[in-house]
Amino acid sequence: MKRIVTALTGASGALYGLRLVKALAEAGAQIDLIASDAAFLVAKEELGLSKEAFLETLRGFGQASLQVHEVNDFTAAPASGSCPVHAMVVAPCTMATLAAIATGNGSNLIHRAADVTLKEKRPLVLVPREMPYSLIHLNNMTAAATAGATILPASPAFYSRPDTLEALADTVVARILDHIGVTPAADLVKRWKS
């Protein structure tokens, strides 16, 4: 069973985080979930779910495999390199979170867990959901990528002709799973064939 730290931040795209947790739970992964306060505000705005309802929905995907950590709990397992984690994903990832990770200037558990992931040379996937990018954003992405992170923008694919928002989000989630080496329980999307 792969242990995946999954962080949700306050960028638009709460659906990406929701669908990612669902796919990880269905694939049998152990999930260490960290959500920022802003992530819950975005979930309320975009999904109509209060913090409690959002967490209940996430727990419903895999109660036994999901552990929720408070964003300011530096005693949580993902804060230590000795915690046997396979990979970490930040989806969606705000530009402020990306900047903190890129500069090593962390102030919460999401930043610390990402720092640990990089220093331990484990896969770290950052899923920015912003447009357009400023030069500051691009420089921070370059710095994070140079340090070992994978920058995987939330750019959904349309060739599979997704017919729901969930199916559209799953085109990004499938790519995330590819990059952290998790095989989904069922095909999330139609793969490109030549």
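# A tour by selection

Start by selecting Lys22, which is partly exposed at 22% relative accessibility (buried is under 20% relative accessible area, exposed is over 50%, and partly exposed is in between, with a 1.4 Å probe and protein chains only). This is a predicted model, in which local features need pLDDT of at least 70 and side-chain atom pairs count only at pLDDT 80 or more, while totals for chains, interfaces and linings use all residues. Residues are numbered from 1 along each chain as its sequence is written, and side-chain values use heavy atoms, with hydrogens and water left out.

**Stop 1**

Glu26 is partly exposed, with a relative accessible area of 43%. In the whole structure, a search finds 7 salt bridges.

**Stop 2**

Select Arg112 and Asp115. Their side chains meet in a salt bridge, at 3.4 Å from N to O. They are 3 residues apart in helix α5 (residues 109-119), which puts about one helical turn between them. Arg112 is partly exposed at 30% relative accessibility, and Asp115 is partly exposed with a relative accessible area of 32%.

Next, select Lys119 and Glu120. A salt bridge joins their side chains, with 2.7 Å from N to O. Lys119 has a relative accessible area of 46% and is partly exposed; Glu120 is partly exposed too, at 33%.

Now go to Lys121, in the loop between α5 and β5. Buried or exposed: what is Lys121? At 75% relative accessibility, Lys121 counts as exposed. Its phi is positive, about 60 degrees, although Lys121 is not a glycine. Most residues other than glycine have a negative phi.

**Stop 3**

Select Arg161, in the loop between β6 (150-151) and α7 (165-180). Arg161 also has a positive phi, near 55 degrees, and is not a glycine. With a relative accessible area of 74%, Arg161 is exposed.

Then select Arg175, Asp178 and Arg191 together: a network of salt bridges links them.

**Stop 2: two rings**

How many aromatic pairs does a search of the whole structure find? The search finds 1 aromatic pair. Select Phe40 and Phe54 to see it: the ring centres are 6.2 Å apart and the planes are at 85 degrees, so the pair is edge-to-face (rings of Phe, Tyr and Trp, the last by its six-membered ring, pair if their centres lie within 6.5 Å; planes under 30 degrees apart count as stacked, over 60 as edge-to-face and the rest as tilted). Phe40 lies in helix α2 (residues 37-47) and Phe54 in helix α3 (residues 51-61), so the pair ties together parts 14 residues apart in sequence. Phe40 counts as buried at 11% relative accessibility, and Phe54 counts as buried at 1%.

**Stop 3: two cis peptide bonds**

Most peptide bonds are trans. Select Ala91 and Pro92: the peptide bond joining them is cis, with omega about -5 degrees. Pro92 is found in strand β4 (residues 87-93).

Finally, select Met131 and Pro132. The peptide bond from Met131 to Pro132 is cis, and omega is near -10 degrees. Pro132 lies in the loop between β5 (124-128) and α6 (135-146).

Technical notes:
Helix = DSSP H or I, 4+ residues; strand = E, 2+ residues; numbered from the N terminus. Salt bridge = Lys/Arg side-chain N within 4 Å of Asp/Glu carboxyl O.
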